[in-house]
Amino acid sequence: MGHPANTYALVADIGGTNTRVALAHGPKIVDGTIRRYENAAFGGLEAVLQQFLKDEGGVDTMAACVAVAGPVSDGCGRLTNLDWTIDESTLARATKAETVAIVNDLQAQGYALGRIDPKNMRSIIEAPEPDPTATKLVIGVGTGFNAAAVFETTNGRIVPPSECGHVNLPIKTADELQLSDYLALNHGIAAVEEVLSGRGVQQTHAFVLQQAGLTQTKSTREIIADCVDGQDAHAQATGVLFSTLFARVCGNLALTYLPFGGIYLVGGVARAFAPLLNNFGFTEEFRDKGRFSDFLGQFGVDVIEDDYAALTGSAAYLTNLQN
């Protein structure tokens, strides 16, 4: 393809199912370079990146940043829902880049805020126009669950990592307690991610069916499609449970971080449920915090419907790193 040497950076968003890779020039993604790879077809991330470089004509990159769906520590990222790890030395070897970085995928989403086309934003809860310098919060629901606060400081944007998908579910009804017990029996702990994720939708649906004395296997996509259709009572019950617990977790995180700059939902499952959330009572449950219910009215909630936002965030992070 004739890309000029030492001009572009490689950026990648590594999920539990797919890896998206692109070239970036400064904080902007180079048009026409985004490629998606199914992780199951590769033995590890190094092979994915080498395939991308081959597909792009053997481009010589100057920098590389990958966002991983899992914890990052001491320059090493480990995916939570896939047995892959990547460290900075491996990333440098795979890309031959002089500058490399590894971040959590929600951190990358946080660095993307302010660079997303408004047409790719869907409002769930409207709020007063936010102060652009105020704290923001990104919450991701896809293969897994996580969240990251976004702080604007005099030294630039800071997005600390988090692994809050593995905290306990906030339950408050008898039905939710039964769901918690069901999940704990199968997984040892009723963690947030065991409901608020792709597999979580399936597990919640299986629980609803068990309560009705039924068994059935459906994909997450099929369950959500049944929620949209509105004819399947068990899918509707699953949607209500999902949306209720999602709203409650979002409300808890809002009180933890006070994101007056807005809450931004990302990830394939969040996007799929976006048109349904308020039909299932999301706003009411989000604000159901007793004497702090009115206080929650200050926080807007939007869904980012840009599947490549983490790539933009990775490019922005690299740009800040190099400046």
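**A helix and its surroundings**

Tutor: In helix α4, the residues Glu176, Leu179, Ser180, Tyr182 and Leu183 are buried, where buried means under 20% relative accessible area, exposed over 50% and partly exposed in between, computed with a 1.4 Å probe on protein chains only. These five lie on the same side of α4 because they cover an arc of only 160° around the axis, the arc being that of the directions from the helix axis to the C-beta atoms. On the other side of α4, Ala174 and Leu185 are exposed.

The model is predicted: local features need pLDDT of at least 70, side-chain atom pairs count only at pLDDT 80 or more, and totals for chains, interfaces and linings use all residues. Residues are numbered from 1 along each chain as its sequence is written, and side-chain values use heavy atoms, with hydrogens and water left out.

Helix α4 itself comprises 14 residues, 174-187; helices (H or I, at least four residues) and strands (E, at least two) are DSSP runs, numbered from the N terminus. From first C-alpha to last, α4 reaches 20 Å, close to the 20 Å expected at 1.5 Å a residue, the expected span being 1.5 Å times one less than the number of residues. After α4 comes Gly188, with a positive phi near 85°.

The buried residues of α4 pack against α5 (198-211) and α7 (233-257). Within α7 lies Ser243, which counts as buried at 0% relative accessibility. Apart from its neighbours within four places in sequence, Ser243 is in contact (heavy atoms within 4.5 Å) with Phe273, Leu277, Phe280 and Phe282.

The cysteines may be considered next. The structure holds zero disulfides, a disulfide being a pair of cysteine sulfur atoms within 2.5 Å. For Cys65, the nearest cysteine sulfur is that of Cys76, 15 Å away. For Cys250, the nearest is that of Cys164, 9.7 Å away. Cys65 is buried at 0% relative accessibility, and Cys250 is buried with a relative accessible area of 0%.

Finally, there is a helix crossing. The axes of α3 (residues 105-112) and α10 (residues 309-322) come within 7 Å and cross at roughly 80°; axes are lines fitted to C-alpha atoms, for helices over the stretch in contact, and angles run from 0 to 180 degrees between N-to-C directions. The two helices are therefore roughly perpendicular to each other, a term for angles of 65 to 115 degrees. Among the residues making the contact are Asp105 and Tyr111 of α3 and Thr312 and Tyr317 of α10.

Terms used:
Angles under 35 degrees count as roughly parallel, over 145 as roughly antiparallel, 65 to 115 as roughly perpendicular and the rest as oblique.
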